[in-house]
Amino acid sequence: MLTAQSPSYEYKVGGSLPLNAPSYVRRQADEELYRALKNSEFCYILNSRQMGKSSLRVQMMHRLRQIGIRCESIDLTLIGTQQVTPEQWYASLVGFLAHSFRLKVNVRSWWRDRNHLSLVNRLSEFLQTALLGEIEQNIVIFIDEIDSILGLNFPMDDFFALMRACYNKRAENSAYERLTFVLLGVATPADLMPDKNRTPFNIGRAIELKDFDIEEAMPLLPGLVESLSIENNRLSDDSQPVAVLQQILYWTGGQPFLTQKLCQIVVNYCRGRGEEIGKIAPGTEAFWVEELVRSHIIKNWESKDEPEHLKTIRDRIFRNEQRAGYLLGLYQQILLELEAGEIGIAADDSAAQIELLLSGLVVKHEGFLRIRNPIYQAVFNLNWVGKQL
């Protein structure tokens, strides 16, 4: 993990940002999610990896607790998917809830005393009698890595149907107005629950995590100011760190992981780890950042992709052999359109386009699919696509 050594400022590349991380960037999604959860709306954040979902969850749980809302998070990867029976899965979820919310119930005996009930019925009763019965405040349950259920060898439709049932019960039991769920992961609603008549996703609010823009990214500036001051002995132009940040965002497109990583690369260079690039003269910020990007990220990218990011995108495309060729062909069309001076291909929300969006390689903008940023375009170029095909 790359982390700046400065005692006054720290970037973090990979993993969730700590609550007090100065480099956390608030986006429109922060306020949308906060308002929705204050109003007890069911929410889901489903998009590509390394977009800041977990960091947003950490920040949101803190903000909600400050206004008296009880909230906890469950990472479904901790339950596992290999050789897990339906009963083990549901019992584990109940155990996590009881432990996280510090309930007084003895889970082992409570679960055993209700073995005459179906699994989803037991979970339903636990939510009503144990969780809502013991906790009087509003409750928000964050369910992270929700896409891990796709690896289970049994259907999970009943689990999602239960969430919908909890929402519908608000009309007849006011206690359920205090219970809210947030789902986070890399999937589409159709992946998780194909039955549109039972899905909870048509009663919840989709929260879109967008890439950073320059105004949102200003919390990243202090680390650059400090590092560039060291590099140039003094700052002859106060606008230079802003110019460097603008160039960083140009190359990353504001993608959260890459933006933190490129800021960290600048810091490492300014601490004497990149003598081959040279000083930053005023007006040369674009050239200077481009040289850093090409030498530290794009050139021989597979050996420099640590923590993994570009490989994660590549692996997502190839995770299904039968669909990989079609996704590559679709992506190749976008590259060819760009070469011809177009902005991309028309978005049609097809299954293939959605899968390509979930890889993180492309974004939807004004009705078109386009490549997310120049770094991806340089790494996953036409030559790369041709070799894979």
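At what angle do helix α13 and α15 pack, and how far apart are their axes? The views below come from a predicted model, in which local features need pLDDT of at least 70, side-chain atom pairs count only at pLDDT 80 or more, and totals for chains, interfaces and linings use all residues. Residues are numbered from 1 along each chain as its sequence is written, and side-chain values use heavy atoms, with hydrogens and water left out.

**View 1. Packing of helices α13 and α15.** Helix α13 (residues 310–317) packs with α15 at an angle of about 160°, their axes lying 9 Å apart; axes are lines fitted to C-alpha atoms, for helices over the stretch in contact, and angles run from 0 to 180 degrees between N-to-C directions. Helix α13 is therefore roughly antiparallel to α15 (angles over 145 degrees count as such). Ile313, Arg316 and Ile317 of α13 meet Glu355, Leu358 and Ser359 of α15, where contact means heavy atoms within 4.5 Å. Helices (H or I, at least four residues) and strands (E, at least two) are DSSP runs, numbered from the N terminus.

**View 2. The open sheet of three strands.** The strands follow the order β6-β8-β7 with antiparallel pairing, two strands being paired if DSSP finds at least two bridges between them. The edge strands, β6 (345–346) and β7 (362–365), each pair on one side only. Helix α14 (residues 321–339) packs on the sheet, touching β6, β7 and β8, and its direction makes about 85° with that of β8.

**View 3. The hairpin of β7 and β8.** Two residues separate these strands, and glutamate 366 in the turn has a positive phi of about 50°. Lysine 364 stands opposite leucine 369 in β8, while valine 362 stands opposite isoleucine 371 in β8.

How values were computed. Parallel < 35°, antiparallel > 145°, perpendicular 65-115°, else oblique.
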